[in-house]
Amino acid sequence: MTKNKKQHKSPIQKYTVKQFMQDFHDDDACLEWLKDYRYPNGIFCKNCQKVTPHYSIKSRRSYSCQSCGNHVHPTANTIFHKSTTALTTWFYTIYLMAQTRGGISAKQVQRETGVTYKTAWRMCNLIRLKLDEKSDLFGGEAEVDD
């Protein structure tokens, strides 16, 4: 007779601040993560009508097609769209909100990130709205320049 063994679910792994800082150490790392998340199979170029290699444009939050130069903006139609706040600040705020059980105030975000209260409130509000909608926090259509 065989004994039924309890199957143990693996516990949720902790994601420390140190790990977060290693993964998202600058805006380029955040933008690269966002690009990989939104385009897991590569970026489809509307001009070339196929998935093409793209390279990062350092002066903008965008990628350019190596074949035709068409620009793709991974932040378009997301909570980061047209925001002048650093992506590292946005990602850290999302991290803070995910790590606290009772939520985090805009005042605390202001203290921890160094942004103004108005910016902290706006960021928290946009993140909460996306979380309440049960929608993809980083999803949406991507903007493309000709």
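At 14% relative accessibility, Thr89 counts as buried, where buried means under 20% relative accessible area with a 1.4 Å probe and protein chains only. The model is predicted, so local features need pLDDT of at least 70 and side-chain atom pairs count only at pLDDT 80 or more, while totals for chains, interfaces and linings use all residues. Residues are numbered from 1 along each chain as its sequence is written, and side-chain values use heavy atoms, without hydrogens and water.

**Exercise 1.** Describe the secondary structure and the burial of the protein chain.

*Solution.* Step one: the protein chain has five helices and six strands; helices (H or I, at least four residues) and strands (E, at least two) are DSSP runs, numbered from the N terminus. Step two: along the sequence the pattern reads α-α-β-β-β-β-β-α-α-α-β. Step three: of the 146 residues, 35% are buried.

**Exercise 2.** Determine whether the end-to-end distance of α2 agrees with its number of residues.

*Solution.* Step one: the expected span is 1.5 Å times one less than the number of residues. Step two: for the 12 residues of α2 this gives 16 Å, and because the end C-alpha atoms are 16 Å apart, the two values agree. Step three: the buried residues of α2 are Ala29, Cys30, Leu31, Leu34, Lys35 and Arg38. These buried residues pack against α1 (17-23), β4 (62-65), β5 (71-73) and α3, a contact being heavy atoms within 4.5 Å.

**Exercise 3.** Classify the packing of α3 and α4, and locate Thr89 in it.

*Solution.* Step one: the axes of α3 and α4 are 11 Å apart, at an angle of about 130°. Step two: α3 is therefore oblique to α4, since angles under 35 degrees count as roughly parallel, over 145 as roughly antiparallel, 65 to 115 as roughly perpendicular and the rest as oblique. Step three: Thr89, Tyr92, Thr93 and Leu96 of α3 meet Val109, Glu112 and Thr113 of α4. Step four: not counting residues up to four places away in sequence, Thr89 touches Thr113, Val115 and Met123.

Methods. Buried < 20%, exposed > 50% of the residue type's maximum accessible area, 1.4 Å probe, protein only. Axes fitted to C-alpha atoms, helices over the stretch in contact; angles between N-to-C directions.
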